[in-house]
Amino acid sequence: MGKILFLYLLILNTIGFFICWWDKHCAKKGKWRVPEQTLIFNALCGGALGFYIGMQVFRHKTRHPKFTVGIPLILILWVAAIAIIQWKTGWLF
């Protein structure tokens, strides 16, 4: 079960990173943007770390409190959830 969770989080964080890159690319080109709801949804589903790294690497959404505060909070919740799962069940990756 732990390997499935690891793979799930790896995929969502990779997607989160590339969504951040794509949205920044589109912003520079004046093209259609990724909706903010999609960015937040990805983070809530487990892609917060990837999106946060993307924010820092691409300097994207770093002036919006919704993202500069919200994404780290979501990440903290995910880390806490994983820690609780590990503590309660003894399994992880």
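H4 is followed by Gly-90, which has a positive phi, near 80°. Here helices (H or I, at least four residues) and strands (E, at least two) are DSSP runs, numbered from the N terminus. The model is predicted, so local features need pLDDT of at least 70 and side-chain atom pairs count only at pLDDT 80 or more, while totals for chains, interfaces and linings use all residues. Residues are numbered from 1 along each chain as its sequence is written, and side-chain values use heavy atoms, with hydrogens and water left out.

The protein has four helices and zero strands, in the order α-α-α-α along the sequence. Its C-alpha trace spans about 50 × 25 × 20 Å along the principal axes. Of the 93 residues, 30% are buried (buried means under 20% relative accessible area, exposed over 50%, partly exposed in between, with a 1.4 Å probe and protein chains only). Among contacts with a separation of 6 or more, 68% join residues 24 or more positions apart; a contact means heavy atoms within 4.5 Å.

H4 has 20 residues, which at 1.5 Å a residue should span 28 Å, and this agrees with its end C-alpha atoms being 28 Å apart. The expected span is 1.5 Å times one less than the number of residues. The buried residues of H4 are Gly-70, Ile-71, Ile-74 and Ile-82. They lie on the same side of H4, because they cover an arc of only 110° around the axis, taken from the directions from the helix axis to the C-beta atoms. H1, H2 and helix H3 (65–68) are among what covers them. Ile-76, Val-79 and Trp-87, on the other side of H4, are exposed.

The largest pocket holds about 160 Å³ of space. A pocket is an open set of points on a 1 Å grid over the protein atoms alone, where a 1.4 Å probe fits, with protein on both sides within 12 Å along at least five of seven lines; lining residues have an atom within 4 Å of a point. The volume is the space filled by probe spheres set on the points, which are joined across faces, edges and corners. Ten residues line this pocket, and the closest to its centre are Leu-9, Asn-13, Leu-75, Val-79 and Ile-82. H4 gives the most to the lining, with four residues. The table lists the elements that give two or more residues to it.

| Element | Residue range |
|---|---|
| helix H1 | residues 2–29 |
| helix H2 | residues 36–58 |
| helix H4 | residues 70–89 |

By class, the lining has eight nonpolar, two polar and no charged residues. Ala, Val, Leu, Ile, Met, Phe, Trp, Tyr, Cys and Pro count as nonpolar, Asp, Glu, Lys and Arg as charged, and the others, Gly among them, as polar.
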